[in-house]
Amino acid sequence: GTLTEGAAPAEKIPVHLIVRTDDGSEIGSRMNMMAMSHAGNSSSSSALGAPKDAGAEYRKTLEFSPCELRLAAYLPGRAAAVSPVVTLLPGDSEKTVELVLTRGANVDVLIQDESGKPIPQAWLQRSESITVRGGSSSFGSQEQQADPQGRLRLEHIGQADHSLAVQAPGYQRVQMKQHFRDPAEFTAESP
(Lines give C-alpha, C1' and ligand atoms only; values in the text may rest on other atoms or scores of the structure.)
Protein backbone atom coordinates (compact mmCIF):
# COMPACT_ATOMS: atom_id res chain seq x y z
CA GLY A 1 0.00 0.00 0.00
CA THR A 2 0.94 3.64 -0.05
CA LEU A 3 1.67 5.78 2.95
CA THR A 4 -0.26 8.92 3.60
CA GLU A 5 1.48 11.98 4.91
CA GLY A 6 2.19 11.65 8.60
CA ALA A 7 1.61 7.87 8.71
CA ALA A 8 4.37 5.81 10.25
CA PRO A 9 5.72 2.90 8.21
CA ALA A 10 4.55 -0.52 9.38
CA GLU A 11 6.88 -1.93 12.01
CA LYS A 12 8.86 -4.99 10.92
CA ILE A 13 10.30 -7.52 13.35
CA PRO A 14 13.36 -9.55 12.32
CA VAL A 15 12.89 -13.32 12.56
CA HIS A 16 16.07 -15.38 12.33
CA LEU A 17 15.24 -18.71 10.70
CA ILE A 18 17.62 -21.62 11.21
CA VAL A 19 16.97 -24.90 9.39
CA ARG A 20 19.11 -27.99 9.90
CA THR A 21 18.88 -31.75 9.68
CA ASP A 22 18.93 -33.90 12.79
CA ASP A 23 21.86 -35.98 11.50
CA GLY A 24 24.00 -33.16 10.09
CA SER A 25 23.47 -34.19 6.46
CA GLU A 26 23.47 -31.62 3.67
CA ILE A 27 20.24 -29.75 2.94
CA GLY A 28 21.21 -28.96 -0.66
CA SER A 29 18.92 -26.95 -2.93
CA ARG A 30 15.69 -29.01 -2.81
CA MET A 31 14.35 -27.56 0.44
CA ASN A 32 11.32 -25.27 0.30
CA MET A 33 10.10 -23.00 3.06
CA MET A 34 6.88 -21.18 3.76
CA ALA A 35 5.30 -18.80 6.26
CA MET A 36 1.71 -18.62 7.48
CA SER A 37 0.66 -15.53 9.44
CA HIS A 38 -2.47 -14.11 11.01
CA ALA A 39 -2.97 -10.46 11.93
CA GLY A 40 -6.25 -8.74 12.66
CA ASN A 41 -8.97 -10.52 10.69
CA SER A 42 -6.84 -11.98 7.93
CA SER A 43 -4.39 -14.79 7.32
CA SER A 44 -1.78 -14.98 4.60
CA SER A 45 0.80 -17.45 3.42
CA SER A 46 3.95 -16.92 1.45
CA ALA A 47 6.59 -19.13 -0.10
CA LEU A 48 10.00 -18.27 1.28
CA GLY A 49 11.84 -19.88 -1.60
CA ALA A 50 14.55 -22.48 -1.70
CA PRO A 51 18.20 -22.01 -0.87
CA LYS A 52 20.62 -22.11 -3.80
CA ASP A 53 22.81 -24.65 -2.06
CA ALA A 54 22.62 -24.97 1.71
CA GLY A 55 25.08 -27.02 3.70
CA ALA A 56 24.12 -28.85 6.87
CA GLU A 57 22.50 -25.66 8.23
CA TYR A 58 20.62 -22.85 6.53
CA ARG A 59 20.19 -19.39 8.06
CA LYS A 60 18.08 -16.53 6.82
CA THR A 61 16.71 -13.39 8.46
CA LEU A 62 13.15 -12.50 7.48
CA GLU A 63 11.03 -9.51 8.49
CA PHE A 64 7.36 -9.62 9.47
CA SER A 65 4.84 -7.12 10.76
CA PRO A 66 3.32 -7.94 14.17
CA CYS A 67 1.29 -11.14 13.80
CA GLU A 68 0.94 -14.75 14.83
CA LEU A 69 3.39 -16.69 12.67
CA ARG A 70 4.30 -20.27 11.80
CA LEU A 71 7.22 -21.24 9.60
CA ALA A 72 7.74 -24.56 7.80
CA ALA A 73 10.51 -26.26 5.87
CA TYR A 74 10.03 -29.21 3.53
CA LEU A 75 12.75 -31.39 2.05
CA PRO A 76 12.05 -34.54 0.00
CA GLY A 77 12.93 -37.65 2.01
CA ARG A 78 12.36 -35.82 5.31
CA ALA A 79 9.36 -34.99 7.45
CA ALA A 80 8.20 -31.40 7.21
CA ALA A 81 9.41 -29.27 10.12
CA VAL A 82 6.88 -26.76 11.41
CA SER A 83 7.33 -24.15 14.13
CA PRO A 84 4.84 -23.62 16.90
CA VAL A 85 2.90 -20.36 16.65
CA VAL A 86 5.27 -17.46 17.30
CA THR A 87 3.64 -14.23 18.45
CA LEU A 88 5.33 -11.11 17.10
CA LEU A 89 4.28 -8.06 19.14
CA PRO A 90 4.88 -4.39 18.42
CA GLY A 91 8.15 -3.46 20.08
CA ASP A 92 9.68 -6.95 19.86
CA SER A 93 13.33 -6.60 18.89
CA GLU A 94 13.77 -9.98 17.17
CA LYS A 95 12.86 -13.67 17.34
CA THR A 96 14.71 -16.85 16.40
CA VAL A 97 12.98 -19.94 14.99
CA GLU A 98 14.85 -23.21 14.55
CA LEU A 99 13.41 -26.00 12.41
CA VAL A 100 14.95 -29.47 12.50
CA LEU A 101 14.34 -31.76 9.52
CA THR A 102 14.10 -35.41 10.59
CA ARG A 103 13.26 -38.64 8.81
CA GLY A 104 9.95 -38.56 10.69
CA ALA A 105 7.78 -41.57 11.40
CA ASN A 106 6.09 -44.14 9.19
CA VAL A 107 2.43 -44.99 9.57
CA ASP A 108 0.93 -48.16 8.10
CA VAL A 109 -2.63 -47.53 6.89
CA LEU A 110 -5.40 -50.03 6.22
CA ILE A 111 -8.18 -48.61 4.04
CA GLN A 112 -11.49 -50.31 4.84
CA ASP A 113 -15.15 -49.85 4.03
CA GLU A 114 -17.79 -49.37 6.75
CA SER A 115 -18.06 -53.13 7.33
CA GLY A 116 -14.29 -53.45 7.90
CA LYS A 117 -13.57 -55.06 4.51
CA PRO A 118 -10.26 -53.86 2.99
CA ILE A 119 -10.57 -51.74 -0.16
CA PRO A 120 -7.95 -52.98 -2.63
CA GLN A 121 -6.07 -50.52 -4.84
CA ALA A 122 -7.64 -47.43 -3.20
CA TRP A 123 -5.83 -44.14 -3.78
CA LEU A 124 -4.79 -41.89 -0.91
CA GLN A 125 -3.79 -38.30 -1.54
CA ARG A 126 -1.90 -36.55 1.27
CA SER A 127 -0.85 -32.95 1.58
CA GLU A 128 0.78 -31.30 4.54
CA SER A 129 -0.22 -27.89 5.81
CA ILE A 130 0.42 -25.28 8.44
CA THR A 131 -2.43 -23.52 10.17
CA VAL A 132 -2.76 -20.32 12.15
CA ARG A 133 -6.18 -19.40 13.56
CA GLY A 134 -8.12 -21.24 10.87
CA GLY A 135 -6.00 -19.98 7.98
CA SER A 136 -4.18 -22.85 6.30
CA SER A 137 -1.64 -23.32 3.53
CA SER A 138 -0.75 -26.68 1.96
CA PHE A 139 2.51 -28.06 0.60
CA GLY A 140 4.14 -31.41 -0.11
CA SER A 141 1.28 -33.18 -1.92
CA GLN A 142 1.71 -36.92 -2.53
CA GLU A 143 -0.48 -39.66 -3.96
CA GLN A 144 -0.18 -43.36 -3.17
CA GLN A 145 -2.10 -46.48 -4.13
CA ALA A 146 -2.96 -49.19 -1.60
CA ASP A 147 -1.98 -52.79 -2.30
CA PRO A 148 -4.55 -55.55 -3.03
CA GLN A 149 -5.16 -55.88 0.74
CA GLY A 150 -5.93 -52.15 1.11
CA ARG A 151 -2.63 -51.37 2.87
CA LEU A 152 -0.12 -48.60 2.30
CA ARG A 153 2.57 -46.82 4.26
CA LEU A 154 2.76 -43.09 4.89
CA GLU A 155 6.40 -42.11 5.25
CA HIS A 156 8.11 -39.10 6.75
CA ILE A 157 5.26 -38.05 9.06
CA GLY A 158 6.23 -34.96 11.01
CA GLN A 159 4.76 -31.95 12.77
CA ALA A 160 2.54 -30.65 9.97
CA ASP A 161 -1.20 -31.13 9.74
CA HIS A 162 -2.21 -33.63 7.08
CA SER A 163 -5.12 -33.43 4.67
CA LEU A 164 -6.05 -36.91 3.49
CA ALA A 165 -8.39 -37.91 0.68
CA VAL A 166 -9.24 -41.53 -0.16
CA GLN A 167 -10.95 -42.67 -3.31
CA ALA A 168 -11.64 -45.99 -5.00
CA PRO A 169 -13.95 -47.13 -7.79
CA GLY A 170 -17.43 -47.80 -6.43
CA TYR A 171 -16.86 -45.78 -3.25
CA GLN A 172 -17.56 -42.21 -2.28
CA ARG A 173 -14.46 -40.01 -1.91
CA VAL A 174 -13.62 -39.37 1.75
CA GLN A 175 -11.62 -36.37 2.99
CA MET A 176 -10.23 -35.74 6.46
CA LYS A 177 -7.65 -33.73 8.33
CA GLN A 178 -5.23 -35.47 10.65
CA HIS A 179 -2.55 -34.20 12.99
CA PHE A 180 -0.23 -36.84 14.35
CA ARG A 181 0.43 -35.31 17.77
CA ASP A 182 3.46 -37.46 18.52
CA PRO A 183 4.70 -39.16 15.35
CA ALA A 184 7.13 -41.19 17.48
CA GLU A 185 4.19 -43.22 18.84
CA PHE A 186 3.59 -44.75 15.39
CA THR A 187 5.68 -47.68 14.25
CA ALA A 188 5.74 -49.85 11.17
CA GLU A 189 3.66 -52.42 13.06
CA SER A 190 0.84 -49.96 13.92
CA PRO A 191 -2.12 -50.37 11.54
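**Labels and their grounds**

Tutor: At 18% relative accessibility, Glu68 counts as buried, because buried means under 20% relative accessible area, exposed over 50% and partly exposed in between, with a 1.4 Å probe and protein chains only. This is a predicted model, in which local features need pLDDT of at least 70 and side-chain atom pairs count only at pLDDT 80 or more, while totals for chains, interfaces and linings use all residues. Residues are numbered from 1 along each chain as its sequence is written, and side-chain values use heavy atoms, with hydrogens and water left out.

Student: What makes the pair of Glu68 and Arg133 a salt bridge?

Tutor: A salt bridge is a side-chain nitrogen of Lys or Arg within 4 Å of a carboxyl oxygen of Asp or Glu, and the side chains of Glu68 and Arg133 meet at 2.5 Å, N to O, so the pair meets the criterion. Glu68 lies in strand β5 and Arg133 in the loop between β10 and β11, 65 residues apart, and the pair thus links distant parts of the chain. Arg133 is exposed, with a relative accessible area of 62%.

Student: Why is Asp92 called partly exposed, and what is the N to O distance in its salt bridge with Lys95?

Tutor: Asp92 has 21% relative accessibility, which falls between the two cut-offs, so Asp92 counts as partly exposed. Lys95 is partly exposed as well, with a relative accessible area of 27%. Their side chains meet in a salt bridge at 3.9 Å, N to O, a value that is within the 4 Å limit.

Student: Which parts of the chain does the salt bridge of Arg153 and Asp108 link?

Tutor: The closest N and O atoms of Arg153 and Asp108 are 2.8 Å apart. A search of the whole structure finds 7 salt bridges.

Student: How do you know that β4 and β8 stand at the edges of their sheet?

Tutor: Strands are DSSP runs of E with at least two residues, helices are runs of H or I with at least four, both numbered from the N terminus, and two strands pair if DSSP finds at least two bridges between them. The open sheet of 3 strands has the order β4-β1-β8, with mixed pairing. Each of β4 (57-64) and β8 (95-101) has a single partner strand, so one side of each is left without a neighbour in the sheet. Strand β1 (residues 13-21) pairs with β8 in the parallel sense over 7 bridges, and the bridge partner of Leu17 in β8 is Val97.

Student: Is Ser129 buried or exposed, and which residues does it contact?

Tutor: Ser129, in strand β10 (residues 123-132), has a relative accessible area of 2%, so the residue is buried. Contact means heavy atoms within 4.5 Å, and, leaving aside neighbours within four places in sequence, Ser129 is in contact with residues including Phe139, Ala160 and Asp161.

Student: Why is Tyr74 called buried?

Tutor: Tyr74, placed in strand β5, has a relative accessible area of 18%, which is under the 20% cut-off, so the label buried applies. Among the contacts of Tyr74, neighbours within four places in sequence left aside, are Arg30, Met31, Glu128 and Phe139.
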